[in-house]
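Have a look at the model first, then work through the steps with me.

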Amino acid sequence: MARKLTGAALGASKAVIRRKTPVTVRSHEGALAASCTLDLPSVPFAQAIEQTGAALALLAGLVQAQGALIGHIKAGVEADGASAFLSTTDGRVSVRTAGETAAAGCKAQLSAIVVGLSKEVLEAGVQRAADMVRTGKDG
Amino acid sequence: MKIIILSGFLGSGKTTLLMGMTAYLSRLHDDKAPAHIDLAIIENEIGAVNIDDYALADAGYEVFGMTAGCICCTMVSDLTECVRDVSERIRPDWLIVEATGLAYPQSIAKAVKEYAGFDASIVCIVDAARFDAFLQAMPPLAEGQLAAADLLLVNKTDAVSSEKLASVRRLVSERCPDTELLLLSMKDGVDEAVIRRVLYGA
């Protein structure tokens, strides 16, 4: 019978066990497009926008630090009757919102297209940004 | 049905222009019967999720999203099937095709003509602040997008010095000397004259 291995069983301490966000990466014309979807069941809409904006700036910084070209980095945040659209091409994040809600529970999507970066580095960067969207913290 | 392909590198302002166009038409046709649809949109995204749907859906127009591929190559049949479907079922005045920033618009126009029977005009938006980086990183794509354009819009003029703007203008004009070129900034909204030029050709 197969044994289910947990993070702890694999040697990770409880403090470093993280939920890994599935990140899809595609290549086209020499560019890489990475995206992921996150459920944020306990994060209020306004907080989700703030955390997502910080995550986009973080990811932009990571890409620029590697000397790669940002095509775009975008995110959408959707909650009950409200939505937000965030984007950056240089680390300065613009935010457009429609509607408001105080209820907790959002869905967020991240998308990044870059030129001149390896798949592994981009995937790790998007993963790090996704963690920040989820927790509001880097690392 | 008039088909307009919006092309240009990622982040150049394609979605912003499109949102300006939807807002303009909404203002213009406030009194129009709800049954009449003046604008339909095909939105393409290379990645697995299409973030722009969030923004465009808020404008109240139906958006046909095509994700996880490119309508200039891997999704040609999906594109042409959608164009035919829109033309027969919805019959809008305009069909705006927002290409991904990594697409060759000439291939899109060719496919639309060959497989759906429609001519399309191509508007290419150039990001004045990043065009030189784009040209350096992806020269065939940058050249291909410029060469295919019927109208060139050099955007983000507010974000560059007059010297840089002159340099970008020269780079673009050298490659497309016969193509109409407009300089603009969409930072605080899209100039209605530009929208009319894109929609009506005048």
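**Exercise 1.** Work out how α3(B) and α4(B) are oriented to each other.

*Solution.* α3(B) and α4(B) are oblique to each other, because angles under 35 degrees count as roughly parallel, over 145 as roughly antiparallel, 65 to 115 as roughly perpendicular and the rest as oblique. The helices, α3 (residues 76–90) and α4 (residues 105–116) of chain B, pack at about 55 degrees with axes 9 Å apart. Next, look at who touches whom: B:V76, B:L79, B:T80, B:V83 and B:R84 of α3(B) meet B:I108, B:A111, B:V112, B:Y115 and B:A116 of α4(B) (contact means heavy atoms within 4.5 Å).

This is a predicted model, in which local features need pLDDT of at least 70 and side-chain atom pairs count only at pLDDT 80 or more, while totals for chains, interfaces and linings use all residues. Residues are numbered from 1 along each chain as its sequence is written, chains are lettered from A in the order in which they are written, and side-chain values use heavy atoms, leaving out hydrogens and water.

**Exercise 2.** Find how α1(A) runs relative to α2(A).

*Solution.* The axes of α1 (residues 45–65) and α2 (residues 119–135) of chain A come within 8 Å and cross at roughly 160 degrees. That makes the pair α1(A) and α2(A) roughly antiparallel.

**Exercise 3.** Describe the contact between chain B and chain A.

*Solution.* Start with the residues: chain B gives 28 and chain A gives 29. Then take the area: the two chains bury about 2,300 Å² between them, 66% of it on carbon and sulfur atoms (accessible area, 1.4 Å probe, lost on being put together and summed over both).

Conventions
Axes fitted to C-alpha atoms, helices over the stretch in contact; angles between N-to-C directions. Helix = DSSP H or I, 4+ residues; strand = E, 2+ residues; numbered from the N terminus.
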